[in-house]
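The paragraphs below take the chain as a whole, and then turn to its backbone.

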Amino acid sequence: MPFSKPVPALRAVRTATPGDGVGSSSGSPVGSPAGSPAGSSGAPDAAEVSAAPSSSGPSSSGPVSAGPAGRENLPGILFGIGAYGLWGLLPLYFMVLKPAGAVEIVANRVVWSLVFCAILLTIMRAWKPMLAAGRNPRTVGTLAGAALLIAVNWLTYSWAVLNEHAVEAALGYFINPIVSVLLGVLVLKEKLRPLQWAAMAVGFIAVLVLAFAYGNVPWVALALAFSFGFYGLVKKGIGSRVDAVSSLTIETAVLTPIAVGVMIWLSVTGAATLTTNGAGHLWLLVASGIITAVPLIFFGAAARRLPLSTVGLLQYLAPTLQFILALTVFKEAMPPERWAGFGLVWLALVMLTVDMIGGPRRNRRLRAAAA
């Protein structure tokens, strides 16, 4: 899965696309920097994700009006549920792709995402902004770094789902908002409010409890959370200079030579399943390009229609669905100590959400005091 660009903690922490890659930030105040699975996820910035080559409407970087009589609220919520719901159900897709392994899945996802992006750019007549971005060495270098981080995220997530670590993968996207705030403090030198510090402390205790529950440090969850977190920091350097489809195109183009090499190597060694398991399996792997991009488009449509607080709350749908699937479909164990650790993580998220919801009221008071 979306998802991001962290912003100063005094304002909000943006989310990304959980469970997915190249689409990252949701423009939501609390969450994991994406969604994208390619987030995305988590991924292009949510303010940039749209079906058009560039945003012409309200940006998702601040509260977005729902329009007269709130006419845009229902479509926005439906788009948001569609995006995060698809990211939340992504583990089922990976399981259907067996006997393909994580490496083959990610390689195919990269290649077919690039093909889908090329088709999308042609339909949208949006090659010009993509080529302009591709001629900027600094932009390409930044997106290349983002591409490597999202590749790590995709590979870790795919491996986790295919190797009975779906619960830990869901945990990674639950703790993503906490990691986003932590990176804001350590890297961006942001200042936190007391409730945010308390949430950080609870999150740290939760990791300790979960380390005890797993018998070791939950490396899968931490790898997912931090790869998405640093992905968001790298994407922050891009800002709104590159639209979502162009960003996704360049990132997948950077990874494609490696992905093609991996696919050739798997084929030569007899480990590839793309063409050896029937037409259905082949088309399921080819569809990974669509499965990567469609939630990003839904996500962008939601981010442009909904306030940040609403998007921030919707983003918890993805890890919640992943968690439910891990327990009910994949039958993974949840001993009491794991429940305790997850409970602490959820408590920290509630604290961050409460702090985020109180943000507009604090801002109004500050503006009134300044006036």
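Helices are taken here as DSSP runs of H or I with at least four residues, and they are numbered from the N terminus.

The model is a predicted one, and its confidence deserves attention before its geometry does. The mean pLDDT of the chain is 78, and 77% of the residues reach 70 or more. Over residues 1-19, however, the pLDDT is below 50, although this stretch makes 180 contacts in the model beyond near neighbours in sequence. Residues 21-72 also have pLDDT below 50, and for that stretch the corresponding number of contacts is 308.

In its secondary structure the chain has 16 helices and 0 strands. Of its 371 residues, 55% are buried, while the accessible surface of the chain comes to about 15000 Å², with 71% of that area belonging to carbon and sulfur atoms.

Among the helices, α5 can be examined in some detail. This helix has 26 residues and spans 37 Å from its first C-alpha to its last, which is close to the 38 Å expected at 1.5 Å a residue. At the start of α5, a side-chain oxygen of N136 reaches to within 3.0 Å of the backbone nitrogen of R138. Beyond the other end lies the loop between α5 (137-162) and α6 (166-174), and E164 is found in this loop. The phi of E164, near 60 degrees, is a positive value in a residue other than glycine. Is E164 buried or exposed? Its relative accessible area is 65%, and because anything over 50% counts as exposed, E164 is exposed.

A positive phi is also found at R125, where the angle is near 55 degrees, again in a residue other than glycine. R125 lies in the loop between α3 and α4 (127-134), and its relative accessibility of 77% places it in the exposed class.

The bond from K98 to P99 is cis, with omega near 15 degrees, and P99 has its place in the loop between α2 (90-96) and α3 (102-124).

Definitions and conventions. Residues numbered from 1 in each chain as written. Predicted model: local features only at pLDDT ≥ 70, side-chain atom pairs only at ≥ 80, totals over all residues. Heavy atoms only, no water. Helix = DSSP H or I, 4+ residues; strand = E, 2+ residues; numbered from the N terminus. Buried < 20%, exposed > 50% of the residue type's maximum accessible area, 1.4 Å probe, protein only. pLDDT = per-residue confidence, 0-100. Contact = heavy atoms within 4.5 Å. Expected span 1.5 Å × (residues − 1). Polar contact = N/O pair within 3.5 Å; in protein donor to acceptor, adjacent residues only side chain to side chain. Areas by Shrake-Rupley, 256 points an atom, 1.4 Å probe, with all protein chains shown as cover.
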